[in-house]
Amino acid sequence: MLLSPILTFLVSLFFLSFSVAADYYEATCSNMVPLKHRSDRISITDFGAVGDGRILNTKAFRAAVYRIQHLRRRGGTVLYVPPGVYLTESFNLTSHMTLYLAAGAVIKATQELGNWPLIAPLPSYGRGRELPGGRYMSFIHGDGLDDVIITGENGTIDGQGDVWWNMWRKRTLQFTRPGLVEFINSKNIIISNVIFKNSPFWNIHPVYCSNVVVRFVTILAPRDSPNTDGIDPDSSSNVCIEDSYISTGDDLVAVKSGWDEYGIAYGRPSYGITIRRITGSSPFAGIAIGSETSGGVENVLAEHINLFNMGVGINIKTNTGRGGLINNITVAHVYVENARQGIKIAGDVGGHPDDKFNPNALPVVKGVTIRNVWGVKVNQAGLIHGLKKSPFSDVCLSDINFHGMRGPRSPSWKCSDVFGFAHQVSPWPCSQLSSQEPGSCVI
């Protein structure tokens with residue numbers, strides 16, 4: 001029996017929807033770092049740790065990592081953290097280990113800060129990000145490592161950051177606050193199935209790293225917590241960020257590559273960054289590039305992003321004195337609800353580490369494609385503010401719709417010193433973006 005035209009259409013629509021959904025969920029970059037099985041397994045309780053939330057377990061964590069580092073079991077070792085609240089000072093990880101948090105396990109940072117280690121500033125920053133001099137080591141730290149996994153059954157790493165936030169507010173900090181997890185000069189890193197909360201500063205910070213996967217994580221901090229970025233790949237390559245929920249006090253994901261003359265001299269770009277299926281909320285940006293981009297940022301793909309109660313949906317930010325090339329950035333399939341601005345691309349954002357920056361070191365921003373964006377309750381559709389001596393070029397917007405707070409009136413755009421194209425954008429953007437022409441960048 002022949003199907004009716006309507007039934008044929010509905011069946012086709014079903015299979016098309018199924019195909020789109022399958023593509024949505026199956027597309028992944030997480031296989032860039034294979035998940036290794038480790039047969040050697042130890043528990044933090046084997047080293048005397050007590051999960052009562054009161055006893056300090058620093059010695060236990062450091063002893064367990066020492067054992068893994070020096071016994072070097074074939075294939076590495078799993079450090080198992082059973083249910084309980086394990087209070088500890090900061091500690092280092094080592095290569096070929098898995099830090100595994102069971103359901104109900106919490107690794108909690110002490111708020112007694114007298115013994116918190118100080119480490120040197122990152123060479124691409126030249127000083128601490130907040131203050132001159134060194135910086136406090138991240139709560140969980142790794143330097144020069146290979147083959148490290150932080151995973152589990154959605155256990156929690158809690159930075160108890162409010163004491164640090166209050167010091168920042170009162171301006172009593174002596175050095176830059178610690179992050180929650182930082183890897184430096186490391187490779188083959190997997191972070192998955194863990195809850196990160198209340199970081200003193202940036203949450204997850206891979207810097208000078210390659211082959212990094214962050215997937216199935218939840219990152220939480222109050223909206224008023226200062227500088228609690230979710231995930232900040234920094235002068236790093238081949239980074240995969242997928243399938244995560246982030247609600248913090250600063251950018252959800254921010255790609256960086258060094259700060260002014262220090263980042264220019266260090267010269268290590270971020271490239272090969274994929275960001276996919278992120279949902280979140282922040283008073284700042286959802287997907288950000290910058291503002292520290294002096295080493296350059298290239299080949300970034302962010303897609304299937306859902307943003308709620310945002311400051312800015314998509315934000316590319318740099319400044320005079322930064323230098324650096326920002327090129328081949330694609331952001332697609334984004335939903336934004338209740339935001340101050342939908343899109344912001346600006347060359348006048350962010351401070352300087354000192355007065356030694358070169359004002360003639362101008363960033364170059366080109367090859368930015370933003371498409372398939374839908375926004376509701378957006379106060380202003382977009383702002384693109386390039387530099388007179390270095391206009392932004394090849395900025396391509398397509399299939400973008402922003403709707404305002406009240407009624408049918410649409411929010412506006414503001415633009416300067418930019419060249420590019422626009423296709424099916426509502427409200428229609430600024431005159432500097434010409435209507436779509438054959439052979440331009442819309443796919």
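Predicted model: local features only at pLDDT ≥ 70, side-chain atom pairs only at ≥ 80, totals over all residues.
**Whole chain.** Start with a cartoon view. The chain holds four helices and 28 strands. Its radius of gyration is 23 Å, close to the 22 Å from the globule rule for 443 residues, so the chain is as compact as a globular protein of that length.

**Inside and surface.** Colour by burial. Of the 443 residues, 56% are buried. Now show contacts with a separation of 6 or more: 77% of them join residues 24 or more positions apart. Switch to the surface. The accessible area is about 18500 Å², and carbon and sulfur atoms supply 54% of it. Then select the charges, 39 positive and 36 negative; their mean positions lie 3 Å apart.

**Backbone exceptions.** Most residues other than glycine have a negative phi, and most peptide bonds are trans. The next stops depart from that pattern.

- Select Phe-216. Its phi is positive, near 55°. Phe-216 sits in the loop between β17 (210–215) and β18 (218–220). The residue is partly exposed, at 38% relative accessible area.
- Select Gly-290 and Ser-291. A cis peptide bond links them, with omega about 10°. Ser-291 belongs to the loop between β21 (270–289) and β22 (297–317).
- Move to His-304, in strand β22. Phi of His-304 is also positive, near 60°.
- Finish at Ser-426 and Pro-427. Their peptide bond is cis, with omega about 0°. Pro-427 is in the loop between β27 (418–426) and β28 (433–435).

Note on methods. Residues numbered from 1 in each chain as written. Heavy atoms only, no water. Helix = DSSP H or I, 4+ residues; strand = E, 2+ residues; numbered from the N terminus. Rg over C-alpha atoms; globule rule 2.2 N^0.38 Å. Buried < 20%, exposed > 50% of the residue type's maximum accessible area, 1.4 Å probe, protein only. Contact = heavy atoms within 4.5 Å. Areas by Shrake-Rupley, 256 points an atom, 1.4 Å probe, with all protein chains shown as cover. Lys, Arg positive; Asp, Glu negative; His and termini not counted. Charge placed at Lys NZ, Arg CZ, Asp CG, Glu CD.
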